[in-house]
Amino acid sequence: ASNVSVKVAVRMRPFNNNEKVAGSNQCILMNKEHRQVVIKNPQGGEDKVFTYDYVYDSCLPEEDEDYAGQDTVWGDLGTELLEAAWAGYNYSLFAYGQTGSGKSHSMVGFGEARGVIPRACEAIFEKMRGGGGNANEGDDVRYKVEASMLEIYNERIRDLFVPMNQQDKGGLKVRDSPSTGAYVYGLKKIPVVSYSQIERLMAFGTKNRTVAATNMNETSSRAHTIFCIAFVQTVVNRDTMKANDIRSEISLVDLAGSERVSRTGASGDRLVEGGHINKSLSALGNVINALAKNGTSKGKKKILVPYRDAVLTHLLKNSLGGNAKTTMIAAVSPSDTNYAESLSTLRYADRAKNIQNVAIVNEDANE
Ligand code: ADP
Ligand code: MG
């Protein structure tokens, strides 16, 4: 087992049209070398400085040497993801930030600018074809890849690989297993043998999501979307015929917008959703705070982590303070019109740095 801190990346998107038209100013600056983010208070208050594991400035001109595009992000996070998968660690990546800040851009991407999820799927199949992995000479390796995709919407879990009209109205439930931790009972896990198959599944799941328009971003999802890859390597020794399973669960989480409800002008149904989103994201905040306190209190009595307060945190239990290598990517706008939300995102991300996970290799002999 190895003690690992949650890694935190902050990514700043370019100005969008509304921000340009409004003539807004840039209130966040990044320093790649020192991995620092400076946020300036537009009312002339004090500057705040934060340091993270990675800072990605996508607001610079693309030709700038410090510009961070999809390749840059994948270059860092992809290496860690693949290493974890092959070594048999659980890995999770989650994107946090207000609606329109660039969470889905980093996770899924748009068109040619593919994000982490499609790149990860492709890279896994590519690496499998390349062989190697944990095999020694005289070993045979077999691989199994299964994909699942779910959405948490108003505290209900929906299987995104099941068509809307065949969904159970009450939603699926999280259960705890002593060996593998929290999981969704009855969630469809689809065995996949190629990247193009995963791509088709993802397209189906994405269309199947619950999307509702808000003032801030017409296409934004008010739900949390989680894409999971279960990766198993079976290593068989040709002489003894003994087989070993090395398992890795990869969870890629695109969280709902973190903005406060009042900003989006929500009313009626939307307001109920907003409440729930706040509930699960504030539960996530409470879990992060508790874990951060435990992470910094050396040897002192640990406080209870309130995983059970929301479906999201219950399900993410393995990834937060549990058995996983975890990275959080916090997305921010450069504009001073979003100052308050960006500051709250940077603070949230700052606390997440203190979480300690204990990552254990998932390996068992199967006689
Ligand atoms: P979120 O998922 O957080 O609501 P999106 O990922 O949908 O936000 O991003 C909002 C808009 O900003 C999209 O049109 C997206 O293409 C654009 N965008 C976000 N991040 C970047 C980036 N790093 N570079 C270029 N465009 C971006
Ligand atoms: Mg999104």
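Asn362 counts as buried in this predicted model, because its relative accessibility is 12%, under the 20% cut-off. You will find Asn362 in strand β19, which covers residues 362-365. Its side chain makes a polar contact with the side chain of Asn90 at 2.9 Å. A polar contact also joins the side chain of Asn362 to that of Asn323, here at 3.3 Å. Beyond four places in sequence, the contacts of Asn362 include Gly88, Tyr89 and Asn90. Asp245, Ile246, Arg247 and Ser248 are also among the residues that Asn362 touches, and so is Asn323.

**The model as a whole**

The protein has 367 residues, and 51% of them count as buried. Its secondary structure comes to 8 helices and 19 strands. Among contacts with a separation of 6 or more, 71% are between residues 24 or more positions apart. The protein exposes about 17,500 Å², and carbon and sulfur atoms supply 49% of that area.

How confident is the predictor? The mean pLDDT is 87, and 89% of the residues reach 70 or more. Residues 215-220 are a stretch to treat with care: pLDDT stays under 50 there. For this stretch the model has 16 contacts beyond four places in sequence. Where pLDDT is low, the predicted coordinates should not be read in detail.

Ser335 is found in the loop between β17 (325-332) and α8 (339-352). It counts as buried because its relative accessibility is 0%. The side chain of Ser335 makes a polar contact with the side chain of Thr337 at 2.5 Å. Leaving aside neighbours within four places in sequence, Ser335 is in contact with Phe15, Glu19, Ser24, Asn25 and Cys27.

Met107 belongs to helix α3, residues 103-107. With a relative accessibility of 0%, Met107 also counts as buried. Met107 and Ile117 are 10 residues apart in sequence, and their C-alpha atoms are 5.7 Å apart. Beyond four places in sequence, Met107 is in contact with Leu93 and Ala95, with Gly115, Val116, Ile117 and Pro118, with Leu252, Val253 and Asp254, and with Ile329.

**Aromatic rings**

How many aromatic pairs does the protein have? The count comes to 6 aromatic pairs. Two of them are set out below.

| Aromatic pair | Arrangement | Centre to centre | Angle between planes |
|---|---|---|---|
| Tyr96 and Tyr348 | stacked | 3.9 Å | 15° |
| Tyr143 and Phe231 | stacked | 5.8 Å | 20° |

Tyr96 lies in strand β7 (residues 91-96) and Tyr348 in helix α8, so this pair ties together parts that are 252 residues apart in sequence. Both Tyr96 and Tyr348 are buried.

Is each ring residue buried or partly exposed? Tyr143 is partly exposed, with a relative accessible area of 23%, whereas Phe231 counts as buried at 0% relative accessibility. Together with Trp86, Tyr143 and Phe231 form one aromatic cluster.

Lys127 lies over the face of Trp86, at 5.1 Å from the ring centre. Elsewhere in the chain, Lys353 lies over the face of Tyr52, at 5.4 Å from the ring centre.

**Two loop residues with positive phi**

Arg35 has a phi near 55°, a positive value in a residue other than glycine. Its place is the loop between β3 (28-31) and β4 (36-39). Arg35 is partly exposed, with a relative accessible area of 37%.

Asn154 is not a glycine either, yet its phi is positive at about 50°. It lies in the loop between β10 and β11 (156-159). Asn154 is partly exposed, and its relative accessible area is 26%.

Terms used
Residues are numbered from 1 along each chain as its sequence is written. Chains are lettered from A and ligands numbered from 1 in the order in which they are written. This is a predicted model: local features need pLDDT of at least 70, side-chain atom pairs count only at pLDDT 80 or more; totals for chains, interfaces and linings use all residues. Side-chain values use heavy atoms; hydrogens and water are left out. pLDDT is the predictor's confidence in each residue, from 0 to 100. Contact means heavy atoms within 4.5 Å. Helices (H or I, at least four residues) and strands (E, at least two) are DSSP runs, numbered from the N terminus. Buried means under 20% relative accessible area, exposed over 50%, partly exposed in between (1.4 Å probe, protein chains only). A polar contact is a pair of N or O atoms within 3.5 Å; within protein, one must be able to donate a hydrogen and the other to accept it, and residues adjacent in sequence count only if both atoms are side-chain atoms. Accessible areas come from the Shrake-Rupley method with a 1.4 Å probe; for residues, only the protein chains shown count as cover. Rings of Phe, Tyr and Trp (its six-membered ring) pair if their centres lie within 6.5 Å; planes under 30 degrees apart count as stacked, over 60 as edge-to-face and the rest as tilted. A charge sits over a ring if NZ of Lys or CZ of Arg is within 6 Å of the ring centre and within 35 degrees of the ring normal.
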